[in-house]
Amino acid sequence: MSKLNKSTTDVFANALEINAARYGVALTAESTHRLRDFYEHAVAWNARLHLFAPCSPEAFATRHVLESLCALPYLPEGARVTDVGSGAGLPIIPCLIARPDIRATLVEASSKKAVFLREALRRIERHEAATVLARRFEDLPATPASDIITCRALDRFSEMLPSLLAWSPPAAVLLLFGGHALREQIEHTGHRLTSVLLPESEQRFLFIIHKV
């Protein structure tokens, strides 16, 4: 697959550096370099797999990567994370890049997208810290041992929420990205909920759900 031209990846990296502070994110030079590699890889695969809606490099940096990194304050040291419906690798791959201490299981129903995820993890040299399961989460015989469940782009998110909550470990914290409709569904479950409005948005939130 062809690579992006240097100017495009430079625009992406520059957008990360300019906007990181507004998202409460501090990036090292190494993290920025690996995020550039991830961006280039994701765009190269996108035409074939439709991983995300086409967007500018600045939008990918803010709307996808920096928003994903808003989950970092809620990931304890050495956290074991299960990312459900990983798709384009968001939010988990940016988090794996920024936090080498975490370990992750990526659950993705599409076998083709699972191939993309494995290649992306190798490219950013985090393949030893993560496992990709090409399965629907509800078809897994048991929940992977996890402290945190993340989910950003699950198909029929509101409809699948009760199943996701039932499937998650009893003491897990869920970090879910969504809008007002998802918040209403979560509130109806009776679980403890904290809503964090994402920067530069009036419609997108990070929802922190405690099952206990």
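These are my notebook entries on a predicted model.

**Ground rules.** I number residues from 1 along each chain as its sequence is written. For this predicted model I need pLDDT of at least 70 for local features and 80 or more for side-chain atom pairs, while totals for chains, interfaces and linings use all residues; side-chain values rest on heavy atoms, with hydrogens and water left out.

**Cores.** I began with the largest nonpolar core. By nonpolar core I mean buried Ala, Val, Leu, Ile, Met, Phe, Trp, Tyr and Cys residues joined through side-chain atoms within 4.5 Å. Buried is under 20% relative accessible area, exposed is over 50%, and partly exposed is in between (1.4 Å probe, protein chains only). This core has 50 residues, and Phe38, Leu75, Ile93, Leu106 and Phe116 touch the most other members. Helix α2 (residues 29–49) gives the most to this core, with 6 residues. My helices (H or I, at least four residues) and strands (E, at least two) are DSSP runs, numbered from the N terminus.

I then listed the contacts of Ile93, taking contact as heavy atoms within 4.5 Å. Not counting residues up to four places away in sequence, Ile93 touches Phe38, Leu106, Leu117, Ala120, Leu121 and Ile124.

**α2 against α3.** How do the axes of α2 and α3 cross? They cross at roughly 110° and come within 12 Å, with α3 spanning residues 57–69.

From α2, Leu35, Phe38, Tyr39 and Ala42 meet Pro57, Phe60 and Val65 of α3.

**Glu40.** I looked up Glu40 next, and found it in helix α2. Is Glu40 buried or exposed? Glu40 is buried, at 11% relative accessible area. Its side chain makes a polar contact of 2.3 Å with the side chain of Arg123. A polar contact is a pair of N or O atoms within 3.5 Å; within protein, one must be able to donate a hydrogen and the other to accept it, and residues adjacent in sequence count only if both atoms are side-chain atoms.

**Ser146.** Ser146 sits in the loop between β3 (130–133) and β4 (148–151). It counts as buried, because its relative accessibility is 9%. A polar contact of 2.3 Å joins its side chain to that of Thr82.

**Gln203.** I placed Gln203 in the loop between β6 (192–197) and β7 (205–210). Gln203 is partly exposed, at 48%. Leaving aside neighbours within four places in sequence, Gln203 contacts Gly178, Gly179, His180 and Leu197.

**Backbone.** The peptide bond from Leu90 to Pro91 is cis, with omega near 10°. Pro91 lies in the loop between β1 (80–84) and α4 (92–98). His50, not a glycine, has a positive phi of about 55°. His50 is in the loop between α2 and α3, and is exposed at 62%.

Conventions: Axes fitted to C-alpha atoms, helices over the stretch in contact; angles between N-to-C directions.
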